[in-house]
Amino acid sequence: DDGWSAENGRIAIGNGVLDIALGPGTTTLVSPPDQVIRTNSISALILGAQTLAPDAQIRVLAHSDEDPDWRVIVQKSSLSALGPNAEFLRIPLIWPADWLARRSIADQLRIEISGSGGMRELRINSLVLYPKALTR
């Protein structure tokens, strides 16, 4: 499980997957607090998820030990807008300009998932931070 936890939901660890029972409203997946995410080199979150309804919405926030506030790096978006019927979603991350200027390191992520009343379970088989393309 790599230390992820859920707020307003429950996580069960499977064979290479996280099965998440979503609570009413918004369920938040919280990474462990000791991540090293270099904001100037990471450009996307790749989410491999099954059983997510197309009307589900996702929002991603990040924390840095240089800043006490959680900052939004993915505005609330419907999954259908990010990639309808895709097994893997490539979600672009928009880092705060001041973090980029300081070359800040994010140390924790929060992934908020909300959806329709019928969507109560989620299986995540991959969650990857993807680097920017190298330019020459």
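Arg71 counts as partly exposed, at 24% relative accessibility. That class lies between buried, under 20% relative accessible area, and exposed, over 50%, using a 1.4 Å probe and protein chains only. The model is predicted: local features need pLDDT of at least 70, side-chain atom pairs count only at pLDDT 80 or more, and totals for chains, interfaces and linings use all residues. Residues are numbered from 1 along each chain as its sequence is written, and side-chain values use heavy atoms, with hydrogens and water left out.

Arg71 forms a salt bridge with Asp67. The term requires a side-chain nitrogen of Lys or Arg within 4 Å of a carboxyl oxygen of Asp or Glu. Here the closest N and O atoms are 2.6 Å apart. Asp67 counts as buried, at 10% relative accessibility. The pair belongs to a network: salt bridges with shared partners join Glu66, Asp67, Arg71, Asp98 and Arg102.

The structure holds seven salt bridges. One of them links Asp19 and Arg123, with closest N and O atoms 2.6 Å apart. Asp19 lies in strand β3 (residues 18-22) and Arg123 in strand β11 (residues 121-131), so this bridge ties together parts 104 residues apart in sequence. Strands here are DSSP runs (E, at least two residues), numbered from the N terminus. Both ends are partly exposed: Asp19 has 25% relative accessibility, and Arg123 has 32%.

Glu112 pairs with Arg59 in another salt bridge, the closest N and O atoms being 2.8 Å apart. Glu112 sits in strand β10 (residues 105-114) and Arg59 in strand β7 (residues 57-64), so the pair ties together parts that are 53 residues apart in sequence. Glu112 counts as buried, at 17% relative accessibility. Arg59 is partly exposed, with a relative accessible area of 27%.

Leaving aside neighbours within four places in sequence, Val72 is in contact (heavy atoms within 4.5 Å) with Arg59, Val60, Leu61 and Ile94. Val72 lies in strand β8 (residues 67-78). Val72 is partly exposed, with a relative accessible area of 27%. The C-alpha atoms of Val72 and Leu109 are separated by 9.8 Å, and the two residues are 37 apart along the chain.

The charged end of Arg110 sits over the ring of Trp70, 5.4 Å from its centre. The criterion is NZ of Lys or CZ of Arg within 6 Å of the ring centre and within 35 degrees of the ring normal.

Technical notes:
Helices (H or I, at least four residues) and strands (E, at least two) are DSSP runs, numbered from the N terminus.
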